[in-house]
Amino acid sequence: MAELTYLGGYQDPIKAQVQQLIAAGKLGDMLEKRYPDSHLIQSDKALLGYAMELKNRYLKSSAPLSKVIFDGKINVIKDALGLHTYVSRVQGNKLKAKNEIRIAALFKEAHPAFLKMIVVHELAHLKEKDHNKAFYQLCQHMEPDYHQLEFDLRLWLTWRDIERATR
């Protein structure tokens, strides 16, 4: 029986369905049919442009971004899929704030919708620091299928781990 590390917060009937897909060897096929393509955003510069496009479209009045990068050091299980950091520094008599977004490097090989979901999630932290109702409403405003994509991304990560374990 496969470990469902990424599905810990989901109800048992959903986990049981996922286990059935895994046991039947159908999880990968289902994901391949639903998400056959990968995106072309492979550099930090392209990722910054992508994030800025989304930010300018949905969060024009939010704090500016100083950096958006793919980070190979993010441990998906321990840390997160992406990180938003906010650093305040005093420079003279002014307070300067820097917002940075780091996306796990494994998303270079993900479907475009998964990358968008992660970037949307991290951008939402510009306005809402906590994972509360307003935060998820903002995520859905930027990506209407946010919750389905988050679930499917967790399935993809599960399948990815299974594939690596069987090699």
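Visitor: What are the ground rules here?
Guide: It's a predicted model, where local features need pLDDT of at least 70, side-chain atom pairs count only at pLDDT 80 or more, and totals for chains, interfaces and linings use all residues. Residues are numbered from 1 along each chain as its sequence is written, and side-chain values use heavy atoms, with hydrogens and water left out.

Visitor: How many salt bridges does the structure hold?
Guide: Six, each being a side-chain nitrogen of Lys or Arg within 4 Å of a carboxyl oxygen of Asp or Glu.

Visitor: Which residue does D71 meet in a salt bridge?
Guide: R102, at 3.4 Å, N to O. D71 sits in strand β1 (residues 67-71) and R102 in strand β3 (residues 94-104), so the pair ties together parts 31 residues apart in sequence. Strands are DSSP runs of E, at least two residues, and helices are runs of H or I, at least four, numbered from the N terminus.

Visitor: Is D71 buried or exposed?
Guide: Buried, at 12% relative accessibility. Buried means under 20% relative accessible area, exposed over 50%, partly exposed in between (1.4 Å probe, protein chains only). R102 is partly exposed at 21%.
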